[in-house]
Amino acid sequence: QVQLVESGGGLVQPGGSLRLSCAASGNIFSINDMGWYRQAPGKERELVAVITSGGNTNYVDSVKGRFTISRDNAKNTVYLQMNSLKPEDTAVYFCNAAIATTLWASYDYWGQGTQVTVSS
């Protein structure tokens with residue numbers, strides 16, 4: 001089976017930085033898009049950033065210029081560098097990846113979520 005394991009969340013003051021990591025392991029043939037979503041209390045889950053296997057990236061407008069998504073294909077890992085954090089960035093952050101387990105089968109996988117709290 002495939003697992004996504006996240007790390008790097010925590011409590012940070014406004015203006016601070018955090019780096020999230022998400023490592024995929026298990027029966028992996030290839031990994032296509034990898035991304036980060038977040039869900040704040042009482043709100044729907046939203047896409048924060050996505051990166052293709054070729055390195056193309058896309059961000060939600062609210063984080064452009066502050067967050068950077070990257071990936072290390074050799075380590076099957078995706079990162080989210082978050083700078084200039086704001087209280088409205090507070091949410092549970094989830095890693096997502098489209099992973100092929102064979103040449104013909106690809107599935108969406110999710111991490112367990114990591115809490116990011118921005119507060120003074």
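The side chains of Glu46 and Arg38 meet in a salt bridge, at 2.7 Å from N to O. A salt bridge here is a side-chain nitrogen of Lys or Arg within 4 Å of a carboxyl oxygen of Asp or Glu. A search of the whole structure finds four of them. This is a predicted model, in which local features need pLDDT of at least 70, side-chain atom pairs count only at pLDDT 80 or more, and totals for chains, interfaces and linings use all residues. Residues are numbered from 1 along each chain as its sequence is written, and side-chain values use heavy atoms, with hydrogens and water left out.

**Salt bridges**

- Arg38 counts as buried, at 6% relative accessibility. Buried means under 20% relative accessible area, exposed means over 50%, and partly exposed lies in between (1.4 Å probe, protein chains only).
- Asp61 forms a salt bridge with Lys64, and the closest N and O atoms are 2.9 Å apart. Asp61 is exposed, with a relative accessible area of 60%. Lys64 counts as partly exposed at 47% relative accessibility.
- Asp89 and Arg66 also meet through their side chains in a salt bridge, at 2.8 Å from N to O. This pair links distant parts of the chain: Asp89 sits in the loop between β8 and β9, Arg66 in the loop between β6 (57–59) and β7, and they are 23 residues apart.
- Asp89 counts as buried, at 1% relative accessibility. Arg66 counts as buried too, at 11%.
- Salt bridges that share partners join Arg38, Glu46, Arg66 and Asp89 into one network.

**Disulfide**

- The whole structure holds one disulfide. The term stands for a pair of cysteine sulfur atoms within 2.5 Å.
- Cys22 and Cys95 form this link, with their sulfur atoms 2.1 Å apart. The angle about the S-S bond is -80°, and the link is left-handed.
- Cys22 lies in strand β3 (residues 18–26) and Cys95 in strand β9, so the pair ties together parts that are 73 residues apart in sequence.
- Both Cys22 and Cys95 are buried.

**Nonpolar core**

- The largest nonpolar core has 30 residues. Such a core is a set of buried Ala, Val, Leu, Ile, Met, Phe, Trp, Tyr and Cys residues joined through side-chain atoms within 4.5 Å.
- Trp36, Leu80, Met82 and Tyr93 have the most contacts inside this core.
- The elements that give two or more residues to the core include β1 (2–7), β4 (30–39), β5 (46–51) and β11 (114–118). β9 gives the most, with five residues.
- In soluble globular proteins, nonpolar side chains tend to be buried together.
- Tyr93 touches residues including Glu6, Leu20, Trp36, Arg38, Leu80, Met82 and Val116, not counting residues up to four places away in sequence. A contact means heavy atoms within 4.5 Å.

**Strands and pairing**

- The protein has zero helices and 11 strands. Helices (H or I, at least four residues) and strands (E, at least two) are DSSP runs, numbered from the N terminus.
- β1 and β3 pair in the antiparallel sense over six bridges. Two strands pair if DSSP finds at least two bridges between them. Leu4 stands opposite Ala24 in β3.
- β3 and β8 also pair in the antiparallel sense, over six bridges. Here Ala23 stands opposite Thr77 in β8.

**Thr101 and its loop**

- Thr101 lies in the loop between β9 (91–100) and β10 (106–110).
- At 15% relative accessibility, Thr101 counts as buried.
- Thr101 touches Val2, Asn27, Phe29, Tyr107 and Tyr109, not counting residues up to four places away in sequence.

**Overall dimensions**

- The protein has 120 residues and a radius of gyration of 14 Å, which agrees with the value near 14 Å for a compact globule. The radius is taken over C-alpha atoms, and the globule rule is 2.2 Å times the number of residues to the power 0.38.
- Along its principal axes the C-alpha trace spans about 50 × 25 × 25 Å.
- Buried residues make up 42% of the 120 residues.
- Among contacts with a separation of 6 or more, residues 24 or more positions apart account for 54%.
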